[in-house]
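User: I'd like to go through this one with you. Can you put it up?
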Amino acid sequence: MKGYKEIIASYADVPGGIIEAYHAVQKELSYLPEEAIFEAAKVFNIPVSEAYGVATFYSMFSVKPRGKNVIRICESAPCHVAGAAEVVAALERELGICMGESTPDGLFALEFTECVGQCQATPVITINGKPYLNVSPAKVPKILAEYK
Amino acid sequence: MAEEMRIVLRNYGKIDPLKIEDYIAQGGYKALEKARSMDREALIEEVKKSKLRGRGGAGFNCGQKWSFAYQAQADQKYVVCNADEGEPGTYKDRLIMENDPHTLIEGMAICAYAIGATKGYIYCRGEYPHLVDVLNTAIKQAKEKGFLDGFDLQVRSGAGAYVCGEETALIESIEGHRGEPRFKPPYPPSEGLWGKPTIVNNVETFANIPVIVEKGADWYASIGVPSYPGTKVFTLTGDINNKTFFEVPTNTTIRELIYKYGGGIPGGKKFKAVQIGGTSGAFIPEELLDTPVAFDNMAAIGATLGSGAVFVLDETRNIVDVVTRIAKFFEHESCGKCAPCREGTARMHEIMSKLNSGKGSAKDIETLSRLGRVMSYSCLCGLGQAAPAPVLTTIQHFKADYNAKLV
(Lines give C-alpha, C1' and ligand atoms only; values in the text may rest on other atoms or scores of the structure.)
Protein backbone atom coordinates (compact mmCIF):
# COMPACT_ATOMS: atom_id res chain seq x y z
CA MET A 1 0.00 0.00 0.00
CA LYS A 2 1.36 3.38 -1.01
CA GLY A 3 1.49 6.10 1.60
CA TYR A 4 -0.48 9.33 1.19
CA LYS A 5 2.71 11.38 0.80
CA GLU A 6 3.84 9.37 -2.16
CA ILE A 7 0.38 9.48 -3.74
CA ILE A 8 -0.04 13.23 -3.38
CA ALA A 9 3.48 13.89 -4.63
CA SER A 10 2.68 12.10 -7.88
CA TYR A 11 0.06 14.77 -8.66
CA ALA A 12 2.25 17.74 -7.80
CA ASP A 13 2.73 18.75 -11.43
CA VAL A 14 -0.93 18.38 -12.41
CA PRO A 15 -2.57 21.82 -12.59
CA GLY A 16 -5.50 21.81 -10.19
CA GLY A 17 -4.61 18.21 -9.37
CA ILE A 18 -5.67 18.26 -5.71
CA ILE A 19 -9.03 16.62 -6.48
CA GLU A 20 -7.34 13.84 -8.46
CA ALA A 21 -4.87 13.42 -5.59
CA TYR A 22 -7.71 13.14 -3.06
CA HIS A 23 -9.41 10.50 -5.19
CA ALA A 24 -6.16 8.52 -5.27
CA VAL A 25 -5.65 8.78 -1.49
CA GLN A 26 -9.20 7.63 -0.87
CA LYS A 27 -8.72 4.66 -3.13
CA GLU A 28 -6.07 3.45 -0.71
CA LEU A 29 -7.41 4.64 2.62
CA SER A 30 -11.15 5.07 1.98
CA TYR A 31 -10.98 8.56 3.55
CA LEU A 32 -8.77 11.65 3.75
CA PRO A 33 -6.77 11.70 7.00
CA GLU A 34 -5.95 15.13 8.40
CA GLU A 35 -2.24 14.63 7.66
CA ALA A 36 -3.07 14.02 3.99
CA ILE A 37 -4.91 17.35 3.83
CA PHE A 38 -1.93 19.15 5.40
CA GLU A 39 0.34 17.40 2.91
CA ALA A 40 -1.86 18.38 -0.04
CA ALA A 41 -1.84 22.02 1.10
CA LYS A 42 1.94 21.93 1.11
CA VAL A 43 2.33 20.18 -2.24
CA PHE A 44 -0.21 22.36 -4.06
CA ASN A 45 0.99 25.46 -2.28
CA ILE A 46 -2.38 26.56 -0.89
CA PRO A 47 -3.54 27.36 2.66
CA VAL A 48 -4.63 24.37 4.73
CA SER A 49 -8.06 25.97 5.05
CA GLU A 50 -8.43 25.81 1.30
CA ALA A 51 -7.25 22.20 1.06
CA TYR A 52 -9.73 21.34 3.82
CA GLY A 53 -12.43 23.36 2.05
CA VAL A 54 -11.98 21.27 -1.09
CA ALA A 55 -12.03 18.02 0.91
CA THR A 56 -15.31 18.90 2.59
CA PHE A 57 -17.05 20.42 -0.42
CA TYR A 58 -17.37 17.23 -2.44
CA SER A 59 -19.70 14.55 -1.13
CA MET A 60 -17.49 11.67 -2.31
CA PHE A 61 -14.69 12.75 -0.01
CA SER A 62 -14.76 11.88 3.67
CA VAL A 63 -12.57 13.52 6.30
CA LYS A 64 -13.61 10.90 8.84
CA PRO A 65 -12.44 7.28 8.83
CA ARG A 66 -15.00 4.99 7.23
CA GLY A 67 -15.42 1.38 6.16
CA LYS A 68 -13.33 0.00 3.34
CA ASN A 69 -16.25 -0.72 1.02
CA VAL A 70 -18.38 2.36 0.57
CA ILE A 71 -22.00 1.57 -0.17
CA ARG A 72 -23.94 4.50 -1.58
CA ILE A 73 -27.69 4.44 -1.99
CA CYS A 74 -29.34 6.75 -4.45
CA GLU A 75 -32.27 8.64 -2.99
CA SER A 76 -33.06 10.87 -5.95
CA ALA A 77 -36.66 11.00 -7.14
CA PRO A 78 -36.59 8.09 -9.66
CA CYS A 79 -35.04 5.76 -7.05
CA HIS A 80 -37.28 7.22 -4.34
CA VAL A 81 -40.48 6.23 -6.15
CA ALA A 82 -38.98 2.83 -7.02
CA GLY A 83 -38.63 1.91 -3.34
CA ALA A 84 -35.19 3.12 -2.26
CA ALA A 85 -36.41 3.44 1.34
CA GLU A 86 -36.96 -0.33 1.57
CA VAL A 87 -33.45 -0.96 0.27
CA VAL A 88 -32.10 1.44 2.90
CA ALA A 89 -33.95 -0.47 5.63
CA ALA A 90 -32.64 -3.80 4.33
CA LEU A 91 -29.04 -2.57 4.24
CA GLU A 92 -29.28 -1.12 7.74
CA ARG A 93 -30.76 -4.37 9.02
CA GLU A 94 -28.23 -6.60 7.28
CA LEU A 95 -25.21 -4.55 8.41
CA GLY A 96 -26.56 -3.61 11.82
CA ILE A 97 -25.69 0.06 11.34
CA CYS A 98 -27.53 3.24 10.39
CA MET A 99 -27.05 5.39 7.34
CA GLY A 100 -23.87 7.45 7.66
CA GLU A 101 -22.14 4.84 9.82
CA SER A 102 -19.50 2.16 9.28
CA THR A 103 -19.49 -1.43 10.49
CA PRO A 104 -17.26 -2.06 13.56
CA ASP A 105 -15.09 -4.48 11.54
CA GLY A 106 -14.29 -1.62 9.16
CA LEU A 107 -15.60 -3.53 6.16
CA PHE A 108 -18.57 -1.37 5.12
CA ALA A 109 -19.67 2.25 5.14
CA LEU A 110 -23.27 3.21 4.42
CA GLU A 111 -24.01 6.54 2.74
CA PHE A 112 -26.75 8.30 0.86
CA THR A 113 -25.98 9.67 -2.56
CA GLU A 114 -27.88 11.54 -5.21
CA CYS A 115 -28.41 10.21 -8.74
CA VAL A 116 -25.63 7.92 -10.01
CA GLY A 117 -26.90 7.90 -13.60
CA GLN A 118 -28.15 4.30 -13.83
CA CYS A 119 -31.84 5.25 -13.86
CA GLN A 120 -32.84 2.57 -16.38
CA ALA A 121 -32.98 0.11 -13.48
CA THR A 122 -34.01 1.72 -10.19
CA PRO A 123 -33.40 1.50 -7.24
CA VAL A 124 -29.65 1.66 -7.58
CA ILE A 125 -26.80 1.29 -5.11
CA THR A 126 -23.08 1.50 -5.77
CA ILE A 127 -20.27 -0.21 -3.90
CA ASN A 128 -16.88 1.43 -4.41
CA GLY A 129 -18.36 3.02 -7.53
CA LYS A 130 -19.67 -0.23 -9.02
CA PRO A 131 -23.41 0.03 -9.70
CA TYR A 132 -25.95 -2.63 -8.70
CA LEU A 133 -29.24 -2.30 -10.54
CA ASN A 134 -32.88 -3.06 -9.69
CA VAL A 135 -31.90 -3.68 -6.09
CA SER A 136 -34.57 -5.17 -3.85
CA PRO A 137 -34.32 -5.97 -0.13
CA ALA A 138 -34.13 -9.67 -1.07
CA LYS A 139 -31.01 -9.10 -3.19
CA VAL A 140 -29.09 -7.26 -0.47
CA PRO A 141 -27.46 -10.22 1.37
CA LYS A 142 -26.10 -11.70 -1.87
CA ILE A 143 -24.66 -8.36 -3.00
CA LEU A 144 -22.95 -7.82 0.36
CA ALA A 145 -21.53 -11.35 0.33
CA GLU A 146 -19.32 -10.37 -2.62
CA TYR A 147 -17.37 -8.11 -0.27
CA LYS A 148 -17.15 -10.27 2.84
CA MET B 1 -45.68 11.04 -35.67
CA ALA B 2 -41.97 11.56 -35.29
CA GLU B 3 -39.84 8.45 -35.64
CA GLU B 4 -36.77 7.66 -33.61
CA MET B 5 -33.65 9.05 -35.23
CA ARG B 6 -30.11 8.47 -34.06
CA ILE B 7 -27.51 11.16 -34.57
CA VAL B 8 -25.52 11.30 -31.35
CA LEU B 9 -26.19 7.60 -30.73
CA ARG B 10 -25.61 6.68 -34.38
CA ASN B 11 -22.94 4.12 -33.52
CA TYR B 12 -24.72 2.70 -30.47
CA GLY B 13 -24.45 -1.08 -30.58
CA LYS B 14 -22.72 -0.98 -33.97
CA ILE B 15 -19.13 -0.60 -32.86
CA ASP B 16 -16.79 -1.76 -30.17
CA PRO B 17 -16.30 1.54 -28.31
CA LEU B 18 -12.77 0.57 -27.36
CA LYS B 19 -11.70 0.00 -30.98
CA ILE B 20 -10.92 3.14 -32.88
CA GLU B 21 -10.84 1.09 -36.10
CA ASP B 22 -14.55 0.40 -35.68
CA TYR B 23 -15.26 4.12 -35.35
CA ILE B 24 -13.12 4.92 -38.36
CA ALA B 25 -14.89 2.20 -40.38
CA GLN B 26 -18.17 4.04 -39.72
CA GLY B 27 -16.69 7.20 -41.22
CA GLY B 28 -15.23 8.43 -37.93
CA TYR B 29 -12.66 11.26 -37.90
CA LYS B 30 -13.54 12.16 -41.52
CA ALA B 31 -15.39 15.20 -40.21
CA LEU B 32 -12.31 16.31 -38.29
CA GLU B 33 -10.24 16.04 -41.45
CA LYS B 34 -12.86 18.05 -43.35
CA ALA B 35 -13.07 20.66 -40.58
CA ARG B 36 -9.31 21.12 -40.54
CA SER B 37 -9.33 21.73 -44.29
CA MET B 38 -11.87 24.53 -43.80
CA ASP B 39 -11.30 28.13 -42.91
CA ARG B 40 -11.98 28.57 -39.17
CA GLU B 41 -14.58 31.28 -39.63
CA ALA B 42 -16.37 29.27 -42.30
CA LEU B 43 -16.42 26.26 -39.97
CA ILE B 44 -17.91 28.28 -37.10
CA GLU B 45 -20.42 29.81 -39.53
CA GLU B 46 -21.49 26.32 -40.56
CA VAL B 47 -22.06 25.28 -36.93
CA LYS B 48 -23.96 28.52 -36.34
CA LYS B 49 -26.11 27.92 -39.42
CA SER B 50 -27.01 24.42 -38.25
CA LYS B 51 -28.74 26.20 -35.33
CA LEU B 52 -27.39 23.55 -32.96
CA ARG B 53 -28.16 24.74 -29.44
CA GLY B 54 -26.43 23.51 -26.31
CA ARG B 55 -27.84 20.21 -25.03
CA GLY B 56 -26.80 20.91 -21.46
CA GLY B 57 -29.90 22.87 -20.54
CA ALA B 58 -29.28 26.54 -21.34
CA GLY B 59 -29.89 26.10 -25.07
CA PHE B 60 -27.43 28.71 -26.33
CA ASN B 61 -26.51 28.69 -30.03
CA CYS B 62 -23.36 26.59 -30.17
CA GLY B 63 -21.68 28.28 -33.16
CA GLN B 64 -22.36 31.68 -31.64
CA LYS B 65 -20.65 30.62 -28.43
CA TRP B 66 -17.67 29.33 -30.41
CA SER B 67 -17.38 32.61 -32.29
CA PHE B 68 -16.92 34.51 -29.00
CA ALA B 69 -13.98 32.29 -28.05
CA TYR B 70 -12.60 32.44 -31.58
CA GLN B 71 -12.63 36.24 -31.51
CA ALA B 72 -11.04 36.47 -28.07
CA GLN B 73 -7.32 37.24 -28.19
CA ALA B 74 -5.27 35.07 -25.86
CA ASP B 75 -2.07 33.03 -25.69
CA GLN B 76 -4.04 29.99 -24.56
CA LYS B 77 -7.60 28.78 -25.12
CA TYR B 78 -9.36 25.72 -23.78
CA VAL B 79 -12.11 23.34 -24.83
CA VAL B 80 -13.95 21.72 -21.95
CA CYS B 81 -16.54 19.00 -22.08
CA ASN B 82 -19.16 19.01 -19.39
CA ALA B 83 -19.62 15.32 -18.65
CA ASP B 84 -20.88 15.98 -15.15
CA GLU B 85 -24.45 14.91 -15.84
CA GLY B 86 -25.98 15.00 -12.41
CA GLU B 87 -29.63 15.70 -13.13
CA PRO B 88 -31.48 12.84 -11.45
CA GLY B 89 -33.02 10.56 -14.04
CA THR B 90 -30.44 11.43 -16.69
CA TYR B 91 -27.88 9.08 -18.20
CA LYS B 92 -27.67 10.16 -21.83
CA ASP B 93 -24.07 11.39 -21.67
CA ARG B 94 -23.02 8.12 -20.09
CA LEU B 95 -24.64 6.27 -23.01
CA ILE B 96 -22.71 8.35 -25.52
CA MET B 97 -19.35 8.04 -23.74
CA GLU B 98 -19.79 4.33 -22.98
CA ASN B 99 -20.78 3.38 -26.49
CA ASP B 100 -19.03 5.89 -28.71
CA PRO B 101 -16.29 7.85 -26.91
CA HIS B 102 -14.63 8.84 -30.16
CA THR B 103 -17.58 10.91 -31.33
CA LEU B 104 -17.09 13.12 -28.28
CA ILE B 105 -13.33 13.34 -28.84
CA GLU B 106 -13.83 14.17 -32.51
CA GLY B 107 -16.39 16.87 -31.67
CA MET B 108 -14.01 18.42 -29.15
CA ALA B 109 -11.08 18.30 -31.58
CA ILE B 110 -13.20 20.11 -34.20
CA CYS B 111 -14.07 22.78 -31.64
CA ALA B 112 -10.43 23.10 -30.63
CA TYR B 113 -9.43 23.73 -34.24
CA ALA B 114 -12.30 26.20 -34.73
CA ILE B 115 -11.49 28.43 -31.78
CA GLY B 116 -7.72 27.88 -31.76
CA ALA B 117 -7.44 25.89 -28.54
CA THR B 118 -4.54 23.53 -27.90
CA LYS B 119 -5.73 22.05 -24.62
CA GLY B 120 -8.90 20.37 -23.54
CA TYR B 121 -10.50 18.65 -20.56
CA ILE B 122 -13.33 16.21 -20.20
CA TYR B 123 -14.82 16.74 -16.75
CA CYS B 124 -16.43 13.40 -16.00
CA ARG B 125 -18.63 13.00 -12.95
CA GLY B 126 -17.14 11.01 -10.07
CA GLU B 127 -20.03 8.56 -10.26
CA TYR B 128 -18.70 7.26 -13.60
CA PRO B 129 -15.21 5.96 -12.69
CA HIS B 130 -15.41 3.26 -15.39
CA LEU B 131 -15.83 5.95 -18.04
CA VAL B 132 -12.54 7.59 -17.12
CA ASP B 133 -10.79 4.43 -18.33
CA VAL B 134 -12.90 4.26 -21.48
CA LEU B 135 -12.15 7.90 -22.31
CA ASN B 136 -8.44 7.60 -21.55
CA THR B 137 -8.19 4.52 -23.78
CA ALA B 138 -10.01 6.31 -26.60
CA ILE B 139 -7.81 9.42 -26.25
CA LYS B 140 -4.68 7.27 -26.38
CA GLN B 141 -5.91 5.58 -29.55
CA ALA B 142 -6.79 8.88 -31.21
CA LYS B 143 -3.33 10.22 -30.32
CA GLU B 144 -1.61 7.17 -31.77
CA LYS B 145 -3.51 7.64 -35.04
CA GLY B 146 -2.40 11.27 -35.13
CA PHE B 147 -5.90 12.75 -34.84
CA LEU B 148 -5.01 14.84 -31.82
CA ASP B 149 -1.83 16.49 -33.05
CA GLY B 150 -1.66 19.92 -31.47
CA PHE B 151 -4.54 19.17 -29.09
CA ASP B 152 -3.75 17.90 -25.61
CA LEU B 153 -6.87 16.30 -24.15
CA GLN B 154 -7.18 15.09 -20.56
CA VAL B 155 -9.87 13.60 -18.35
CA ARG B 156 -10.69 14.98 -14.90
CA SER B 157 -13.01 13.45 -12.33
CA GLY B 158 -15.67 15.21 -10.35
CA ALA B 159 -16.34 14.11 -6.79
CA GLY B 160 -20.06 14.25 -6.25
CA ALA B 161 -21.28 17.83 -6.54
CA TYR B 162 -24.39 18.52 -8.61
CA VAL B 163 -23.53 22.23 -8.82
CA CYS B 164 -20.42 21.39 -10.90
CA GLY B 165 -22.75 20.91 -13.87
CA GLU B 166 -22.89 24.71 -13.86
CA GLU B 167 -20.10 25.70 -16.22
CA THR B 168 -18.22 28.16 -14.03
CA ALA B 169 -18.44 25.82 -11.02
CA LEU B 170 -17.09 23.07 -13.27
CA ILE B 171 -14.20 25.32 -14.26
CA GLU B 172 -13.47 26.03 -10.60
CA SER B 173 -13.40 22.30 -9.95
CA ILE B 174 -10.94 21.59 -12.79
CA GLU B 175 -8.75 24.29 -11.26
CA GLY B 176 -8.79 22.26 -8.04
CA HIS B 177 -11.12 24.48 -6.03
CA ARG B 178 -14.46 24.08 -4.34
CA GLY B 179 -17.04 23.92 -7.10
CA GLU B 180 -18.70 27.26 -6.48
CA PRO B 181 -20.12 29.19 -9.45
CA ARG B 182 -18.51 32.47 -10.47
CA PHE B 183 -20.19 35.79 -10.99
CA LYS B 184 -21.04 36.35 -14.66
CA PRO B 185 -20.01 38.22 -16.75
CA PRO B 186 -17.29 37.55 -17.72
CA TYR B 187 -18.55 34.42 -19.43
CA PRO B 188 -16.18 31.49 -20.10
CA PRO B 189 -15.74 32.18 -23.84
CA SER B 190 -13.90 35.36 -22.85
CA GLU B 191 -12.56 34.39 -19.40
CA GLY B 192 -12.88 30.77 -18.37
CA LEU B 193 -10.42 28.14 -17.25
CA TRP B 194 -7.41 29.80 -15.59
CA GLY B 195 -8.80 33.09 -16.89
CA LYS B 196 -8.45 32.06 -20.53
CA PRO B 197 -11.11 31.89 -23.25
CA THR B 198 -12.88 28.57 -22.80
CA ILE B 199 -15.68 26.73 -24.54
CA VAL B 200 -17.70 24.51 -22.26
CA ASN B 201 -20.17 22.27 -24.09
CA ASN B 202 -22.11 19.24 -23.01
CA VAL B 203 -21.26 15.70 -24.22
CA GLU B 204 -24.42 15.52 -26.33
CA THR B 205 -23.62 18.87 -27.96
CA PHE B 206 -20.12 17.78 -28.97
CA ALA B 207 -21.45 14.43 -30.25
CA ASN B 208 -23.59 16.34 -32.78
CA ILE B 209 -20.64 18.24 -34.22
CA PRO B 210 -18.98 15.55 -36.41
CA VAL B 211 -22.32 14.78 -38.08
CA ILE B 212 -23.06 18.46 -38.71
CA VAL B 213 -19.65 18.98 -40.28
CA GLU B 214 -20.03 15.84 -42.37
CA LYS B 215 -23.62 16.31 -43.58
CA GLY B 216 -23.85 20.08 -43.52
CA ALA B 217 -25.75 22.73 -41.59
CA ASP B 218 -28.79 22.71 -43.89
CA TRP B 219 -29.36 19.01 -43.36
CA TYR B 220 -29.21 19.42 -39.58
CA ALA B 221 -31.34 22.55 -39.47
CA SER B 222 -34.13 20.72 -41.33
CA ILE B 223 -34.62 18.12 -38.59
CA GLY B 224 -37.28 18.65 -35.92
CA VAL B 225 -38.45 22.08 -34.78
CA PRO B 226 -36.68 24.91 -36.73
CA SER B 227 -35.85 27.01 -33.64
CA TYR B 228 -34.21 24.04 -31.88
CA PRO B 229 -33.35 21.57 -34.61
CA GLY B 230 -31.83 18.13 -34.44
CA THR B 231 -32.55 15.34 -32.04
CA LYS B 232 -32.58 14.97 -28.27
CA VAL B 233 -31.85 11.93 -26.18
CA PHE B 234 -34.48 11.23 -23.55
CA THR B 235 -34.19 8.89 -20.59
CA LEU B 236 -37.49 7.57 -19.21
CA THR B 237 -37.92 6.80 -15.52
CA GLY B 238 -40.62 6.45 -12.88
CA ASP B 239 -44.01 4.90 -13.64
CA ILE B 240 -43.43 4.01 -17.26
CA ASN B 241 -43.42 0.65 -19.05
CA ASN B 242 -40.22 1.17 -21.05
CA LYS B 243 -37.63 2.49 -18.60
CA THR B 244 -35.13 3.15 -21.31
CA PHE B 245 -33.76 5.83 -23.64
CA PHE B 246 -34.75 7.23 -27.01
CA GLU B 247 -33.21 9.69 -29.41
CA VAL B 248 -35.93 11.54 -31.28
CA PRO B 249 -36.30 14.69 -33.41
CA THR B 250 -37.25 17.77 -31.40
CA ASN B 251 -40.77 17.97 -32.88
CA THR B 252 -41.74 14.86 -30.92
CA THR B 253 -44.43 15.61 -28.35
CA ILE B 254 -44.33 14.76 -24.65
CA ARG B 255 -47.33 12.49 -25.22
CA GLU B 256 -45.44 10.54 -27.88
CA LEU B 257 -42.49 10.15 -25.52
CA ILE B 258 -44.68 8.67 -22.80
CA TYR B 259 -47.15 6.60 -24.79
CA LYS B 260 -45.47 5.77 -28.09
CA TYR B 261 -41.88 5.31 -26.93
CA GLY B 262 -42.44 4.78 -23.24
CA GLY B 263 -45.29 2.32 -23.75
CA GLY B 264 -47.55 4.17 -21.30
CA ILE B 265 -48.15 3.68 -17.60
CA PRO B 266 -47.76 0.21 -16.06
CA GLY B 267 -50.55 -1.73 -14.36
CA GLY B 268 -53.38 0.01 -16.25
CA LYS B 269 -53.01 3.03 -14.01
CA LYS B 270 -53.70 6.57 -15.13
CA PHE B 271 -51.14 9.25 -15.84
CA LYS B 272 -50.78 11.95 -13.23
CA ALA B 273 -47.73 14.10 -13.99
CA VAL B 274 -44.41 14.15 -15.79
CA GLN B 275 -41.31 16.07 -14.83
CA ILE B 276 -39.01 16.79 -17.74
CA GLY B 277 -35.44 18.00 -17.80
CA GLY B 278 -34.28 16.61 -14.51
CA THR B 279 -35.11 17.25 -10.91
CA SER B 280 -35.14 21.02 -11.46
CA GLY B 281 -37.76 20.68 -14.20
CA ALA B 282 -41.40 21.64 -14.12
CA PHE B 283 -44.13 19.09 -13.43
CA ILE B 284 -46.45 18.91 -16.40
CA PRO B 285 -50.13 17.88 -16.27
CA GLU B 286 -52.11 15.80 -18.79
CA GLU B 287 -53.57 18.77 -20.67
CA LEU B 288 -50.13 20.00 -21.80
CA LEU B 289 -48.82 16.68 -23.12
CA ASP B 290 -49.21 17.60 -26.78
CA THR B 291 -46.37 20.12 -26.50
CA PRO B 292 -43.31 19.42 -28.69
CA VAL B 293 -40.20 18.80 -26.62
CA ALA B 294 -38.15 21.56 -28.30
CA PHE B 295 -36.62 24.20 -26.05
CA ASP B 296 -38.89 27.17 -26.82
CA ASN B 297 -42.08 25.10 -26.96
CA MET B 298 -41.31 23.83 -23.47
CA ALA B 299 -40.50 27.33 -22.25
CA ALA B 300 -43.87 28.51 -23.57
CA ILE B 301 -45.69 26.17 -21.15
CA GLY B 302 -43.46 27.20 -18.24
CA ALA B 303 -41.36 24.05 -18.48
CA THR B 304 -37.82 23.21 -19.57
CA LEU B 305 -36.24 20.65 -21.85
CA GLY B 306 -33.18 20.52 -19.62
CA SER B 307 -31.22 17.29 -19.72
CA GLY B 308 -34.01 15.28 -21.32
CA ALA B 309 -34.91 13.26 -18.24
CA VAL B 310 -38.56 12.15 -18.33
CA PHE B 311 -39.87 11.24 -14.90
CA VAL B 312 -43.43 9.92 -15.00
CA LEU B 313 -45.79 9.62 -12.04
CA ASP B 314 -49.01 7.61 -12.04
CA GLU B 315 -52.27 8.47 -10.30
CA THR B 316 -51.28 6.72 -7.06
CA ARG B 317 -48.28 8.98 -6.42
CA ASN B 318 -48.47 11.81 -3.98
CA ILE B 319 -46.98 14.91 -5.55
CA VAL B 320 -46.22 16.56 -2.20
CA ASP B 321 -44.16 13.54 -1.10
CA VAL B 322 -42.11 13.50 -4.32
CA VAL B 323 -41.53 17.26 -4.28
CA THR B 324 -40.45 17.09 -0.62
CA ARG B 325 -37.79 14.58 -1.67
CA ILE B 326 -36.73 16.95 -4.44
CA ALA B 327 -36.57 19.88 -2.01
CA LYS B 328 -34.21 17.82 0.14
CA PHE B 329 -32.02 17.26 -2.91
CA PHE B 330 -31.61 20.98 -3.48
CA GLU B 331 -30.89 21.73 0.15
CA HIS B 332 -28.12 19.14 -0.01
CA GLU B 333 -26.71 20.28 -3.36
CA SER B 334 -26.79 24.03 -2.79
CA CYS B 335 -23.13 25.06 -2.65
CA GLY B 336 -23.80 27.76 -0.06
CA LYS B 337 -22.09 30.61 -1.86
CA CYS B 338 -25.16 32.85 -2.19
CA ALA B 339 -27.68 33.44 0.56
CA PRO B 340 -30.91 33.20 -1.48
CA CYS B 341 -30.03 29.64 -2.49
CA ARG B 342 -28.35 28.49 0.72
CA GLU B 343 -31.19 29.75 2.92
CA GLY B 344 -33.94 29.40 0.34
CA THR B 345 -33.40 25.71 -0.39
CA ALA B 346 -33.22 24.95 3.33
CA ARG B 347 -36.47 26.80 4.08
CA MET B 348 -38.14 25.28 1.05
CA HIS B 349 -37.30 21.78 2.28
CA GLU B 350 -38.43 22.69 5.78
CA ILE B 351 -41.83 23.96 4.63
CA MET B 352 -42.31 21.06 2.19
CA SER B 353 -41.57 18.58 4.99
CA LYS B 354 -44.09 20.35 7.21
CA LEU B 355 -46.74 20.14 4.49
CA ASN B 356 -45.87 16.53 3.70
CA SER B 357 -46.30 15.49 7.32
CA GLY B 358 -49.78 17.01 7.38
CA LYS B 359 -48.86 19.93 9.62
CA GLY B 360 -48.91 22.72 7.05
CA SER B 361 -51.45 25.46 6.44
CA ALA B 362 -52.62 27.43 3.41
CA LYS B 363 -50.30 30.19 4.58
CA ASP B 364 -47.32 27.86 4.14
CA ILE B 365 -48.24 27.30 0.51
CA GLU B 366 -48.38 31.06 0.04
CA THR B 367 -44.97 31.47 1.68
CA LEU B 368 -43.56 28.74 -0.55
CA SER B 369 -44.82 30.49 -3.67
CA ARG B 370 -43.29 33.78 -2.61
CA LEU B 371 -40.00 32.20 -1.61
CA GLY B 372 -39.85 30.35 -4.93
CA ARG B 373 -40.47 33.49 -6.95
CA VAL B 374 -37.75 35.39 -5.09
CA MET B 375 -35.25 32.56 -5.51
CA SER B 376 -35.92 32.28 -9.23
CA TYR B 377 -34.52 35.76 -9.85
CA SER B 378 -32.17 36.38 -6.95
CA CYS B 379 -30.03 33.25 -6.81
CA LEU B 380 -26.54 33.47 -8.29
CA CYS B 381 -26.65 30.49 -10.62
CA GLY B 382 -29.01 28.18 -12.41
CA LEU B 383 -29.19 25.76 -9.49
CA GLY B 384 -30.93 28.16 -7.15
CA GLN B 385 -32.92 29.81 -9.91
CA ALA B 386 -34.36 26.46 -11.06
CA ALA B 387 -34.70 24.82 -7.65
CA PRO B 388 -38.18 26.28 -6.99
CA ALA B 389 -39.60 25.10 -10.35
CA PRO B 390 -40.88 21.72 -9.11
CA VAL B 391 -42.51 23.41 -6.12
CA LEU B 392 -44.06 26.29 -8.06
CA THR B 393 -45.34 24.17 -10.95
CA THR B 394 -46.90 21.57 -8.66
CA ILE B 395 -48.63 24.30 -6.64
CA GLN B 396 -49.90 25.60 -9.98
CA HIS B 397 -51.04 22.31 -11.53
CA PHE B 398 -51.56 19.96 -8.59
CA LYS B 399 -52.92 22.20 -5.86
CA ALA B 400 -55.40 19.49 -4.83
CA ASP B 401 -52.52 17.31 -3.59
CA TYR B 402 -51.31 20.16 -1.39
CA ASN B 403 -54.79 21.00 -0.13
CA ALA B 404 -55.40 17.37 0.80
CA LYS B 405 -52.47 17.52 3.22
CA LEU B 406 -53.40 20.74 5.02
CA VAL B 407 -54.23 20.73 8.73
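**Domains, sheet and interface**

User: Into which domains is chain A divided?
Analyst: Domain 1 covers 4–57 and domain 2 covers 69–145 of chain A. Note that this is a predicted model.

User: What distance separates the centres of the two domains of chain A?
Analyst: Taken over C-alpha atoms, the centres of domain 1 and domain 2 of chain A are 28 Å apart.

User: Now the sheet in chain A. What's the strand order?
Analyst: The order is 2-1-3-4, in an open sheet of four strands with mixed pairing. Strand 2 (108–113) and strand 4 (130–132) of chain A are the edge strands, each pairing on one side only. On average, neighbouring strands are turned by 25° against each other, direction ignored.

User: Strands 3 and 4 of chain A: parallel or antiparallel?
Analyst: Antiparallel, over three bridges, with strand 3 of chain A spanning residues 125–127. A:Ile127 stands opposite A:Lys130, which belongs to strand 4 of chain A.

User: Which helix packs on that sheet?
Analyst: Helix 6 of chain A, residues 84–95. Helix 6 touches strand 1 (69–74), strand 2 and strand 3 of chain A, and its direction makes about 155° with that of strand 1.

User: Switching to the interface. How many residues of each chain are in contact?
Analyst: 37 residues of chain B contact 29 residues of chain A.

User: Which element of chain B gives the most to that side?
Analyst: Helix 13 of chain B, with five residues. The elements giving two or more residues are strand 3 (152–157), helix 8 (167–174), strand 7 (231–238) and helix 13 (319–333) of chain B.

User: And what's the makeup of that side by class?
Analyst: On the side of chain B that touches chain A, there are 15 polar, 12 nonpolar and 10 charged residues.

Methods:
Residues numbered from 1 in each chain as written. Chains lettered and ligands numbered in written order. Predicted model: local features only at pLDDT ≥ 70, side-chain atom pairs only at ≥ 80, totals over all residues. Domains from an automatic or database assignment. Contact = placed C-beta atoms within 7 Å. Nonpolar A, V, L, I, M, F, W, Y, C, P; charged D, E, K, R; others polar. Pairing = 2+ DSSP bridges. Axes fitted to C-alpha atoms, helices over the stretch in contact; angles between N-to-C directions.
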